[in-house]
Amino acid sequence: MEATSLKAHDTFSGGVHPADNKYLSAHKPTVAATIPKRAVIPLSQHIGAPTKPLVVIGQEVKKGEKIGETTGFVSAPVHASISGKVVAIANFPHILGVDLPAVVIESDGKDEWVAGLKENPDYNMLSPEELKKLVQDAGIVGMGGATFPTHVKLSPPKEKPIDVVILNGAECEPYLTSDHRLMLEKSKEIVEGLRILMRILNVSKGYIGIESNKPDAIEAMNKAAAGSSDVKVWPVKVKYPQGAEKMLIKAIAGRTVPAGGLPMDIGVVVQNVGTAEAIYNAVRYGRPLIERYVTVTGRGVKEPKNFLARIGTPFSQLIEEAGGLTDAAAKVISGGPMMGMSQYTLDVPVIKGTSGITVLPREEVSTKPYGPCIRCARCIDACPMKLQPSLIGVFIEKGHYQDAKDYNLMDCFECGSCTFVCPANRPIVQWVKKAKKELAKKKN
Amino acid sequence: MDAPVKEQPKEQLKLIVSIGPHMHDTESTSKIMWTVSGALLPATLMSVYYFGLPAIMVILVCLVTSLLAEAGMQLLLKKPVTLSDGSAFLTGLLLALNLPANAPLYIPFVGSVVAIMIAKQLFGGLGYNIFNPALVGRAFVLVSFAKIMTTFVAPVSTFMALDAKTTATPLVLLKEEGMAKLLEIYHTKAALYQDLFLGNRAGSLGETSVIAILLGAAYLMMKRYITWHIPIPFIATVGILTWVFGGKDGLMTGDPILHMMSGGLMLGAFFMATDYVTGPSVRSAQVVFGICAGALTTLIRLKGGYPEGVMFAILLMNCFAPLLDRGMRSRVFGKAVAQGVKK
């Protein structure tokens, strides 16, 4: 479909326009990936307290069985994504770049659901508290990549009433098309998931924000939401990072999240469209979050594809199913090229927040050294948070972390727009991450 | 029971690992520098057209000296030699365009050495210099060789410039002898403006032709390498202030068009004041920078000892660029609201 058939004006100030390269996979219907023979399921797939294992080595588990129990409120349980036998509980490579505790399950090939999953055909009769409990027990976290436990977002303190729920279908990250395909293929489920969210939060206004470069998704969602006055599909301007929570709220609700604050401070809850679909599955069928849409794309794989993949599927398997790496493949990124994390091994597994695997060939990977800041102000124009990345970068380069903090370092959410436009190739995001760590160390 | 053994990767795959973003747009420092140099091409060609062979000599000496000075200083300081980034070339070219055509060749040489070695490299090299190197170089030769540097030649008719004769620039005439004298030479104001616009007047190499400078500036603006925030307030301020205070017959009798098109204002506003390194980078600070530079220029032109003040105005404002940047930070997304919302 023609990408320019729709003009949207709602947006934020700043931002950049990287080539989105979504054509590589946007038109390809999602296929179910092979059930992995061996699933490595990290016990921590979310922001917050890691889970503790509920299983022992040698134990038989069924698909959907809880294998990791939460240890705090800001945490989410972890479930077996295949049926089989637990063969290891140890540290395994995680997409964060370190080895983290994981449960390894070897498939018995039966792929059987655990007994006792409760279907709720008439889930509209459930109370908000019951619905929230279902979401919490299903281990649902923000599936756009941030992996913040969803039930926490659904439990705002009393003094912060929520009146708007926004589903994030912007998918501003270049290359990725998993949300796009999900909106085309699961539009009804997404809308139902949104309605459940609205019921839990007692909200009458629901929006689905989609970048206008996905007119087919906008149409599909409009169709799914047809006839209801409570849910509105809201096309937003194509600009990175339009899908960042604060930028999306600005574009759709016209509200500004206070610096250092949360969307709930201004009465808004934002959830990814994938999260909404997972919520629907959890509430309607009692199914925990054990699979998700994953785009495997980039010019470093032979046949870019969209997969429905089990949590714990190794990257290597999905890449194989996408035709394998090309000879030129040089960088494998968990997520998209702007905010994704490059991997040193293909043994890392898909987790709840893995929206895609982007493989870049050598010629698209820059290893150029960086030069001095020439203060061209491009980063200042690009920063969606209106920071001065140039100055922050210079401070951190010289080790002046506190100065960087005085220049609002903490308001940076590391979208990478500044680094994308920097003519001197300066690794500003890398420095920002480093400074935040150094400052945290000092505090402790 | 055996401890679970971590699997070794089957094949040794070599992957590049770095912190994102893993994409980059196509701009680079060297591309910017070379493009700005390219945008000076019309002004450079016009200078050769009007001043002939001597102009070429001045330009060549500046370019060669600047490049050698940059490489030499970087070798001395044991830094990587970065001639290809185009910044030394640009400094040399800008300095040349700010010198009179009849300058003996030791002047471009000395100016380039001072610009590159002292104003640029000794301050830390590209990105760290406080003052615009080309203008420091020019300021140095202006005060050192004041007589030569304020003697300009009129445009010549032959390439060899054998007929070059010294003459005063329009600003000098205006300052010392008044508007009447200018009109005596050019007959009508229209003719005067036309010559200023085309560049048919005495002056530094690259500053005379307004049209050539505007062509280059328009290209840079189109490429978004420069924005209106510094040059337009700069030129407008000079226009307004010279109109108000520049006339001999009291307030509001000055000639803003003459002032805006003469001297080094166009070249300075579009190509020198917009230097990234030595100017502010916050947009609102840039407007203030431009207005202040315009006010200083007017002050020097109307009341100072020199007929032209663009160079000193920009150099003085260069000192304030970091302060302006720090004082006029843009408001962080959500910061203002935060005060109202926080409980």
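1. Asn425(A) is found in the loop that runs between helices H12 and H13 of chain A. The model under review is a predicted one. In this model, phi of Asn425(A) is near 65°, a positive value in a residue other than glycine.

2. In chain A, Tyr240(A) and Pro241(A) are joined by a cis peptide bond, with omega about -5°. Pro241(A) lies in the loop between strand E11 (231-236) and helix H6 (245-253) of chain A. In chain B, a cis peptide bond joins Gly20(B) to Pro21(B), and omega is about -5°. Pro21(B) is placed in the segment before helix H1 (29-39) of chain B.

3. The domain division of chain A comes next. Chain A is divided into domain 1 (1-33 + 117-365), domain 2 (38-107) and domain 3 (378-443). The centres of domain 1 and domain 2 of chain A, taken over C-alpha atoms, are separated by 23 Å. Their contact takes 30 residues from domain 1 of chain A and 23 residues from domain 2 of chain A. On the side of domain 1 of chain A that touches domain 2 of chain A, there are 15 nonpolar, 9 polar and 6 charged residues.

4. Chain A has an open sheet of 4 strands, in the order E2-E8-E7-E4, with antiparallel pairing. Its edge strands are strand E2 (38-42) and strand E4 (60-61) of chain A, each of which pairs on one side only. Within this sheet, strand E7 (residues 84-93) of chain A and strand E8 (residues 99-107) of chain A pair in the antiparallel sense over 9 bridges. Phe92(A) stands opposite Leu100(A) of E8(A). In general terms, strands of a sheet pair through backbone hydrogen bonds, either parallel or antiparallel.

5. An open sheet of 6 strands in chain A has the order E1-E14-E13-E17-E15-E16, and its pairing is mixed. The edge strands here are strand E1 (31-32) and E16 of chain A, each pairing on one side only. Strand E13 (residues 291-297) of chain A and strand E17 (residues 356-361) of chain A run parallel and are joined by 3 bridges. Thr297(A) has Thr358(A) as its bridge partner in E17(A). Helix H3 (residues 178-185) of chain A packs on the sheet, where H3 touches E13, strand E14 (305-310) and E17 of chain A. The direction of H3 makes about 125° with that of E13(A).

6. A helix pair in chain A deserves a separate point. Helix H1 (residues 128-137) of chain A packs with helix H4 (residues 187-201) of chain A at an angle of about 125°, and their axes are 8 Å apart. H1(A) and H4(A) are therefore oblique to each other. The crossing in which H1(A) passes H4(A) is left-handed. Pro128(A), Leu131(A) and Lys132(A) of H1(A) make the contact with Ile196(A), Arg199(A) and Ile200(A) of H4(A). By class, this contact has 4 nonpolar, no polar and 2 charged residues.

7. The axes of helix H15 (residues 283-303) of chain B and helix H16 (residues 310-327) of chain B come within 9 Å and cross at roughly 150°. That angle makes H15(B) roughly antiparallel to H16(B). H15(B) passes H16(B) in a right-handed crossing. Residues of H15(B) in the contact include Phe289(B), Cys292(B) and Leu296(B), while those of H16(B) include Phe312(B), Met317(B) and Asp325(B). By class, the contact of H15(B) with H16(B) has 15 nonpolar, 1 polar and 1 charged residues.

8. The last point concerns the interface between the chains. In chain A, 57 residues are in contact with 38 residues of chain B. The elements giving two or more residues to the side of chain A that touches chain B are E7, strand E15 (329-334), strand E16 (341-343), helix H12 (417-421) and helix H13 (428-443) of chain A. E15(A) gives the largest share of that side, 4 residues. By class, the side of chain A that touches chain B has 33 nonpolar, 16 polar and 8 charged residues.

Definitions and conventions:
Residues numbered from 1 in each chain as written. Chains lettered and ligands numbered in written order. Predicted model: local features only at pLDDT ≥ 70, side-chain atom pairs only at ≥ 80, totals over all residues. Pairing = 2+ DSSP bridges. Contact = placed C-beta atoms within 7 Å. Nonpolar A, V, L, I, M, F, W, Y, C, P; charged D, E, K, R; others polar. Axes fitted to C-alpha atoms, helices over the stretch in contact; angles between N-to-C directions. Parallel < 35°, antiparallel > 145°, perpendicular 65-115°, else oblique. Left-handed = near helix turned anticlockwise from the far one by under 90°. Domains from an automatic or database assignment.
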